[in-house]
Amino acid sequence: MLDLNKIFNFYYGWWKNIDKFILFLILFLFSLGLFFSLVSTSIIASDKLNTNTYYFFIKHLFFIILAVVILVIFSAVNQKQLFEISKYLFFIFLVFLALVPFIGIEVKGSIRWIDLPLIPRFQPIEILKPFLIVMMSIVFTLNNQKHVYFKYMLSFLLILPVILFLISQPDIGQTTLIVLTWFSLIFVSGINLLYFLGFFILTFSILFYLVLYVSKFEYIKNRLFAFIDPNSGNNYQSERASEAISNGGFFGQGIGEGTLNSKVPEAHTDYIISVISEEFGSIISILLILIFFYIVFKIIKKTVTENNKYIKISLCGLSSLLIFQTFIHIGVNTSLLPTTGMTLPFLSYGGSSLLGSAILAGVILNYTKRRFDDEN
């Protein structure tokens, strides 16, 4: 039988020690994402898909509820349990990522999703990313006095299959995100700056070579050239997104008055910040960006007083992943970066993105809560 008293004490201890401010900000972002999903997808559902007006909202609500449950679980377990869970789930979703080229579903020229009989369609990399950070943090805290740079080579071997599987899809956006996060972990781990610059130049030289000279990445090269030369006519989605932000002005055109959803497919996922800006104004988008920055500030502030090197590096990696993904999404929406198809954490519609964001938030909350010796 379930011991309700033990369950109550466990979650009371969780609530007592959790960073409530970060928790409330994350739940607030989830709630805003649900609201924006309601006001931005009802017309698509009723007019274009000829289905229930609240179809997307109901799906979004289901994944929000599931995401909050996952967030609580990952933030409540102790550090050893979290590592064991992360280790097994990392290898499970790495296998799923490896299977994408063979059993994946093609959407708009890319094969990034898996649709299994008993499991709804999902994107493995979205779930894999937080676990990859946990695994890399373990590698970067290895103490090998004889081979100081062994951990950097080991971390490269850890992310190499992930990068290769992403390139095969192809998904340069997620590849760039993973590489940038890896570089941030290398930087905070205390590497010599000359070695760091060498890693940086070599890695991005390889990525540029793949994009420019490998035929599989022709569409990415076209997007890059369209970004460099806006007059080429191949930058339709980014142009419409930028127009939506401009049309929205400072205070927006009003709920339901935006037109981006009718011009750009999947605007409620990859271009959600433009949808928000068009209908609610740039002031709301600026406030959202400030919330993301403040969450990252609170995380980094925690690392200053944290003595556990593993937790310190983990939090740096998780906050880097969060801020880089936010920056890429906003950069694409404002035409500062080429189109990549990157969701905005906590806000964009999409089950994989929401669950991945929940895992990320859960691990962050776990590592920022007050911790006692018996938990380690």
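Helix α13 (residues 272-280) is largely enclosed by the rest of the structure, because nine of its nine residues are buried. The model is a predicted one, and its chain contains 16 helices and three strands. Of the 376 residues in the chain, 50% are buried.

**Helix α13**

- The buried residues of α13 are Ile272, Ile273, Ser274, Val275, Ile276, Ser277, Glu278, Glu279 and Phe280.
- Burial is defined here as a relative accessible area under 20%, and nine of the nine residues of α13 fall in that class.
- Glycine 281, which comes just after α13, adopts a positive phi of about 100 degrees.

**Nonpolar core**

- The largest nonpolar core comprises 98 residues.
- Within this core, Phe30, Leu71, Met136 and Ile295 have the most contacts.
- Helix α5 (residues 124-140) contributes eleven residues, the largest share of this core.
- When neighbours within four places in sequence are left aside, methionine 136 is in contact with Leu158, Ile159, Trp182 and Leu185.
- As general background, nonpolar side chains in soluble globular proteins tend to be buried together.

**Cavities**

- Two cavities of 30 Å³ or more are counted in the model.
- The largest cavity has a volume of about 70 Å³.
- Its lining consists of Glu126, Lys129, Pro130, Leu321, Gln325, Pro345, Ser353, Gly356, Ser357 and Leu360.
- By residue class, the lining of the largest cavity divides into four nonpolar, four polar and two charged residues.
- Helices α5, α15 (309-333) and α16 (351-368) each supply at least two residues of that lining.
- Helix α16 gives the most to the lining of the largest cavity, namely four residues.

**Chain as a whole**

- Among contacts in the chain between residues at least 6 apart in sequence, 71% join residues at least 24 apart.
- The chain exposes about 18100 Å².

Terms used: Residues numbered from 1 in each chain as written. Predicted model: local features only at pLDDT ≥ 70, side-chain atom pairs only at ≥ 80, totals over all residues. Heavy atoms only, no water. Core = buried A, V, L, I, M, F, W, Y, C linked by side-chain atoms within 4.5 Å. Buried < 20%, exposed > 50% of the residue type's maximum accessible area, 1.4 Å probe, protein only. Contact = heavy atoms within 4.5 Å. 1 Å grid on protein atoms, 1.4 Å probe; cavity = no way out; pocket = protein on both sides within 12 Å on 5 of 7 lines; lining within 4 Å. Points joined across faces, edges and corners; volume = space filled by probe spheres on them. Nonpolar A, V, L, I, M, F, W, Y, C, P; charged D, E, K, R; others polar. Areas by Shrake-Rupley, 256 points an atom, 1.4 Å probe, with all protein chains shown as cover.
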